[in-house]
Amino acid sequence: CPHCKNTIPHFTAAADHFKEERKIAYAAVDCTKGQNHELCKQEGVEGYPMISYYNYGKFMERYSGERAEAAFVNYIRAMRGQDHEKISKRKEEL
């Protein structure tokens, strides 16, 4: 799809920003390929490209922002910040 083809270079460039971060992984699945249909159905993929944020394998939210490198990078930084705040709050509660 044209939208996917336009998104790929921005998504890949954003992934390069975090390549040294062990706890951040960017991944892509081609839902048009038969071997991925079950996974895409399980994840509720309805349109392309669909970008989701997971924290330790648990679905957190769908990304709905701009499909540009800077937007992807800022989104991950914001989500990572929220994750760190939640962890700090849990530690304080203990």
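**A short note on this predicted model**

1. From the N terminus on, the elements of the protein follow the order α-α-β-β-α, giving 3 helices and 2 strands. Helices (H or I, at least four residues) and strands (E, at least two) are DSSP runs, numbered from the N terminus. Residue numbers start from 1 along each chain as its sequence is written. Please keep in mind that this is a predicted model, in which local features need pLDDT of at least 70 and side-chain atom pairs count only at pLDDT 80 or more, while totals for chains, interfaces and linings use all residues; side-chain values use heavy atoms, with hydrogens and water left out.

2. On confidence: pLDDT is the predictor's confidence in each residue, from 0 to 100. The protein averages 87, and 87% of the residues score at least 70. Among the elements, α2 has the highest mean pLDDT (94) and helix α3 (residues 69-93) the lowest (77). Where pLDDT is low, the predicted coordinates should not be read in detail.

3. Now for the whole protein. Of its 94 residues, 24% are buried, where buried means under 20% relative accessible area, exposed over 50%, and partly exposed in between (1.4 Å probe, protein chains only). Taking contacts (heavy atoms within 4.5 Å) with a separation of 6 or more, 46% are between residues 24 or more positions apart.

4. Which residues of α1 are buried? They are Cys 4, Thr 7, Phe 11, Ala 13, Ala 14 and Ala 15. Thr 7 has a relative accessible area of 6%. Leaving aside neighbours within four places in sequence, Thr 7 is in contact with Pro 49, Ile 51, Arg 67 and Phe 72.

5. Do look at Asn 36 too, in the loop between α1 (2-17) and α2 (37-42). Why does Asn 36 count as buried? Because its relative accessible area is 18%, and the cut-off is under 20%. The side chain of Asn 36 reaches the backbone oxygen of Asp 30 at 2.8 Å. Beyond neighbours within four places in sequence, Asn 36 is in contact with Val 29, Asp 30 and Cys 31.

Terms used:
A polar contact is a pair of N or O atoms within 3.5 Å; within protein, one must be able to donate a hydrogen and the other to accept it, and residues adjacent in sequence count only if both atoms are side-chain atoms.
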